[in-house]
Amino acid sequence: MFLILLIVNIKAIIPTTYQQALKTIQDDPDHLSLMMFIKEDSEESDKALKILEQHSTTMMDILNIQVINCDQISKEELNHLPACQYKESLPFAMYLIPPADSDPTKGPIQPIQKLITNFSLPALKEGFLENSPQFWELINDEQQYEQFLNDKRLNKVLTRIATKPIWWYGITQKFRDRLDFAIVNPRLLNNDLVILKLINGQYVEQTYNGAKQYESLRAYLSVFASTQRIFKTLDSSRNINSTLIKNITSIQNINFDNQWILLSINNHQRLNNVISDMKGIFSVYNIMDNSSQQQLLIYPFSSKKNPIYINNQNTLELCVEMIDFLKYNVNTDSLQLLQDIKSLITTKQIVNVWFFNKKNYNKCHLLWALTFANKQEYKKIFQFHIIYDPDDTIKKQFTVDKVPFITSLEINEGQIAQIDYTESFNYQNIEEYIDKLYQRHQIKNKQNQQYPQNNKEFEFLCTQEQVKCIITIIDRNNQVDEDVFIKSMKTINNNKQIWIILYEDCQQLLIQKYKLQVPSLILYDANNYKYQIMKDQFNFINIDKFIKQKKRNWKELDYQFQIQKCQIKKDDL
């Protein structure tokens, strides 16, 4: 018996400068890009880089990967890179998505940034499929198929595979505008993959016997691809960034918490117009079955109630219907706004304010504001306000020249800073503005475990206003327990918790006084002189349950915890 080993050649990714990376990305409107920031002498950075190098073996040249080492860039670049200024938050990664209407003939693009929050191989694959540009058309019926064939400028590649494997993204991006691509209703196509070559004014089907893999198809299709790009305008389907699903019941498997779902059945005739008018507010899904029935439905944000059926409603009427499904998670009182701004230093949140004229405002603008206010990831970080008819005092304070107007306030280097929204008033631009604030806040406030070396440091951490400390006492040589604690912190942490690690060899008095086991977990409310010890086994599930429980069996303290001085070696951190 012979044992055959398959060795995958994993190539090292060489870091570059930020300016070089950005130029490479801006010059490539055809591919999704991933940019990662790392630092030297960091196990987490090394681990993330290895995962990315592994991921790159399946991506080949389909994904544009750029890595920036924050310890190797110039001082000038460092001053313009928040990701590198907060090195405790590294590694940090984001997708840079080419706009759907990017024209490769018109120079550098301005990609859309999207934070990567889960850095594992399955999540990276899912993120690629979710964010990659889509350069193909959707064909449901004979009429659409005939129209597609009537454009005889390029050879064509068609598939009936609705799941869109990675090789499909690869060939559609590699040969964008040099071949025509389409996903076709299965009843119109006999094979999974069909290649049509234009011969004497007629399309003739070509036989492909190779594997359905990116490298094989890339080599085969290069013969059929035009040497010149023929750029198609937005009346093609490239402005429809949709996901094909098998049937109507599959919609129940979609996470509704952070998105409006627009479902088109058989490429509904109003699909293009609704997407264009609503300015990117939808995640679009498409069902193509064997029927000729067409429907267009909106599934309500954050719920699975009955959908809105789109018939003859205009855009404003749709916005009004959608508003009815949202919670009014905004403040409308000017005094509350001023109070929230005063509290920023304590809350470390972002105050986001929309100013409207109450008698004459666009209901779609209200829909946008409420949509952001209902997004789960924004709720912990933003305080949303809508101020109708601001008086002269408010206008002067916030420099409101005309409405509608959006601004945000955050803490920057200990001072309250105002960041105005200055772009054209559409959903996608506003979403990018808010998302940048969100990402910057995540970088600046990313929680790390704390290792106080004396009681003064410990007291400072645990007596901050509206903060509770989560304390573990562990054996300094037990890396498993420390990793469990850190994993819990990264998964369930919020802005009102400080996570503290104390080592057993330094804290014998504390252990004896409160009869603690090692490892132990303590929830400590220093400002109210009380604490609670977790009694269950020290693992992630029990820690999660303990931190999230609502009813607490607090024990009272006569005075605050006192810890002993403890030297923390650098290689322990």
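Two strands count as a pair if DSSP finds at least two bridges between them. Helices (H or I, at least four residues) and strands (E, at least two) are DSSP runs, numbered from the N terminus. The model is predicted, so local features need pLDDT of at least 70 and side-chain atom pairs count only at pLDDT 80 or more, while totals for chains, interfaces and linings use all residues. Residues are numbered from 1 along each chain as its sequence is written, and side-chain values use heavy atoms, with hydrogens and water left out.

**View 1. The open sheet of E16, E15, E17 and E18.** Four strands form this open sheet in the order E16-E15-E17-E18, with mixed pairing. E16 and E18 are at the edges with a single partner strand each, so one side of each has no neighbour in the sheet. Direction ignored, neighbouring strands are turned by 20 degrees against each other on average.

**View 2. The pairing of E15 with E16.** E15 and E16 run parallel and are joined by seven bridges. Asparagine 352 has phenylalanine 384, in E16, as its bridge partner.

**View 3. Helices lying across the sheet strands.** Axes are lines fitted to C-alpha atoms, for helices over the stretch in contact (heavy atoms within 4.5 Å); angles run from 0 to 180 degrees between N-to-C directions. H11 lies across E15, E16, E17 and E18, at about 150 degrees to E16. Helix H13 (residues 363–374) lies across E15 and E16, at about 165 degrees to E15.

View 4. Buried means under 20% relative accessible area, exposed over 50%, and partly exposed in between (1.4 Å probe, protein chains only). In H11 (residues 334–342), the buried residues are Leu337, Asp340 and Ile341. Seen down the helix axis, these residues fall within an arc of 100 degrees, so they line one face of H11; the arc is that of the directions from the helix axis to the C-beta atoms. Leu335 and Lys342 are exposed on the other side. The partners of the buried residues include helix H12 (344–347) and helix H15 (392–398).

**View 5. The N-terminal end of H11.** Aspartate 333 caps this end, with a side-chain oxygen 3.3 Å from the backbone nitrogen of leucine 335.

**View 6. Threonine 16 and its surroundings.** Threonine 16 lies in the segment before helix H1 (18–26) and counts as buried because its relative accessibility is 19%. Its side chain makes a polar contact of 2.6 Å with that of glutamine 20. A polar contact is a pair of N or O atoms within 3.5 Å; within protein, one must be able to donate a hydrogen and the other to accept it, and residues adjacent in sequence count only if both atoms are side-chain atoms. Leaving aside neighbours within four places in sequence, the contacts of threonine 16 are Ala21, Gln66, Val67, Ile68 and Asn69.
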